[in-house]
Amino acid sequence: MFKKSFGFAALVFSLSLTSPNLSYAEDLSQLENDFSKSAYSDLVEEGVVDKSLSYNSWVDANTEDSFEELEKEFPVPNKLMEVEPESKTAKGYSVPSKTFSTMAAAASKGPVLKKGDILVSNGTFSYGLTGHAGIAISSSKVLHISGAKTNPKVITSKQWQDRYGIVKGQVNGTKIRTNVYRVSSTKVASKAADWSTKNYKGKKYSYMITSNLSSKNPTYCSKIVYQAYSSAKAVNYPSGGIATPYGLPSYFKSDQKLKGMGFL
């Protein structure tokens, strides 16, 4: 099994970071992946899973793919992605803070996050769906929907790293991280990012896991990324009709030459 080692286990930090105020659906450390029929029924009743989606389909969507399998089939290099500053006065932060300088030294300096990059994290169980995904709409902004009772939102790359990346993992003492993938065509990547911005930024669309990949409301994290690249004819239709976070790289057509770039 292909796994990355960043020397995290050898690092012991005394941290005093202020965690973002996350929705109750986001934090992996506070959730267990319960795939029982009663859990499914509760999610349907709460409007998180569409009632037209069968129990077996919901379980399959959450268990067919895993982060370990993703890293084996679509590995990323041991490189910490650089993120452009949010403003001219702000500093870049390929290292989240001075506290993490030792951790960053364990990895090579990675490329700069680019518009259209696909972000896949193992840091959440988005209340009905394992994993989390987002799309970079610039070198410092990411569009996503975080989970139940939320709407699509644009956050900074640093906020993403704090919530779904190595910062979150270091705080929790876990292997939480975000893998970053990129298609070969800048034109395709830009088209996908622009589509997601036009169709989801600022929209009050609700969160729900459905097998309808053509509608925009309701939506879920990996559905947004899938739709964005579908608009550029860069992906194949996923089996089962659900675009899962860990399955995203496998949907891309071979001519897109999807490549792992590094991690956040």
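Helix α2 (55-63) is part of what covers the buried residues of α1. Helices here are DSSP runs of H or I with at least four residues, numbered from the N terminus. The model is predicted: local features need pLDDT of at least 70, side-chain atom pairs count only at pLDDT 80 or more, and totals for chains, interfaces and linings use all residues. Residues are numbered from 1 along each chain as its sequence is written, and side-chain values use heavy atoms, with hydrogens and water left out.

Start with α1, residues 37-45. Its buried residues are A39, Y40 and L43; buried means under 20% relative accessible area, exposed over 50%, with a 1.4 Å probe and protein chains only. Viewed down the axis of α1, these buried residues fall within an arc of 100 degrees, so they line one face of the helix. The arc is taken from the directions from the helix axis to the C-beta atoms. K37 and E45 are exposed, on the face of α1 turned away from its buried side. G47 follows α1, with a positive phi near 80 degrees.

Now move to α7 (residues 186-200) and α8 (residues 221-230). Their axes come within 8 Å and cross at roughly 125 degrees. Axes are lines fitted to C-alpha atoms, for helices over the stretch in contact, and angles run from 0 to 180 degrees between N-to-C directions. On the α7 side, V188, A189, A192, W195, S196 and Y200 make the contact; on the α8 side, I224, Q227, A228 and Y229 do. Contact means heavy atoms within 4.5 Å.

Key: Helices (H or I, at least four residues) and strands (E, at least two) are DSSP runs, numbered from the N terminus.
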